Amino acid sequence: MAKRFNLAGQIPLITLVALCAVTALLTSRFLSPLNLTNILVQSSIMAVIAIGMTFVIIGGGFDLSVGSTVALAGCIAAMTMVKFGIAAGVLAGVGTGALVGLANGLIIAKLGVNPFITTLGTMVLVRGLVFLVTGGAPVGDDGMPSSFIAFGSERLFGVHYLVWVPAVLLVALSWVMHWTPYGRRIYATGGNRDAAYLSGVQVERIIASTYVWCGALAGVAGVMLAARLQSGQPTAGEFYELTAIAAVVLGGASLQGGEGTLYKSIIGVFIMIVLGNSLNLLNVDSYWQRVAIGAVIIAAAAADRLRSHR
């Protein structure tokens, strides 16, 4: 039997297409190659963060510390890279993110501390560490390897290197989420933790692992951002956590856990980036831009709440 077309499941894509169509009608600059390239590059880093956030949200939690983790990972990567080379810098950045995620996961899964309290505390703690490590100044801007800087600005087959990163991660991790027993256990844990436990799922280990994924991918995003900015920036990543959570929810994931797909989270990222880009092109005041984006975040949370009560 042919699978019935689910129009409600396509709302994120319909929203994105409608937003692009309206903006293209209002300003011809939207569809220019330069602007579309800027949207792709801006979306690439947030897409990597949103993939990690999707793991956590499907597992029934969320992570407010990813913005600070991006900044710390980028600075650690830059500092390490200047002394020991690109490979060591990348490993240090991603490893730093994974360690932050592991700390979050152990506190939440093993000690039972609320994810909001845990990751809020980690967000502040990690941001403080960034300023302690860097003294509040950019790092690595006078000694980054030229090939790493090229990674942040040049292209492969006409597409920016930065855009290839989330594309590869999306394919690989979608397979993990949808075609492996581990992925099914994440959905089961987020959907009903008690039922998953009674079915033999090691829920604490699964929950902790989702935070490790989230932290490690925030580390990847930090390395990407360091390449793009050609330095580690201690103030980078502010509000990334809210944008990532909003994008994942706009993509159809439920904050109650157990629902969501990685590719729809990427669509949610594009909705957020295109919205900001549209407001810029239309010369909307920056204060009103914050109001509009805040309203979108509230609307996404309200829509998720309404879905959960059906």
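The lining of the largest cavity divides into six nonpolar residues, five polar and no charged. Here Ala, Val, Leu, Ile, Met, Phe, Trp, Tyr, Cys and Pro count as nonpolar, Asp, Glu, Lys and Arg as charged, and the others, Gly among them, as polar. A cavity is a set of points on a 1 Å grid over the protein atoms alone where a 1.4 Å probe fits but cannot get out; a pocket is an open set with protein on both sides within 12 Å along at least five of seven lines; lining residues have an atom within 4 Å of a point.

This is a predicted model, with local features needing pLDDT of at least 70 and side-chain atom pairs pLDDT 80 or more, while totals for chains, interfaces and linings use all residues. Numbering starts from 1 along each chain as its sequence is written, and side-chain values use heavy atoms, without hydrogens and water.

How many cavities of 30 Å³ or more are there? The whole structure has one, with a volume of about 40 Å³, that is, the space filled by probe spheres set on the points, which are joined across faces, edges and corners. Its lining includes Val70, Gly74, Leu225 and Gln233. H10 gives the largest share, four residues.

Now the largest pocket, at about 800 Å³. Of its 23 lining residues, Glu238, Phe239, Tyr240, Thr243 and Ile293 are closest to the centre. H13 gives the most, six residues; helices are DSSP runs (H or I, at least four residues), numbered from the N terminus. That lining has eleven nonpolar, nine polar and three charged residues.

Terms used: Helix = DSSP H or I, 4+ residues; strand = E, 2+ residues; numbered from the N terminus.
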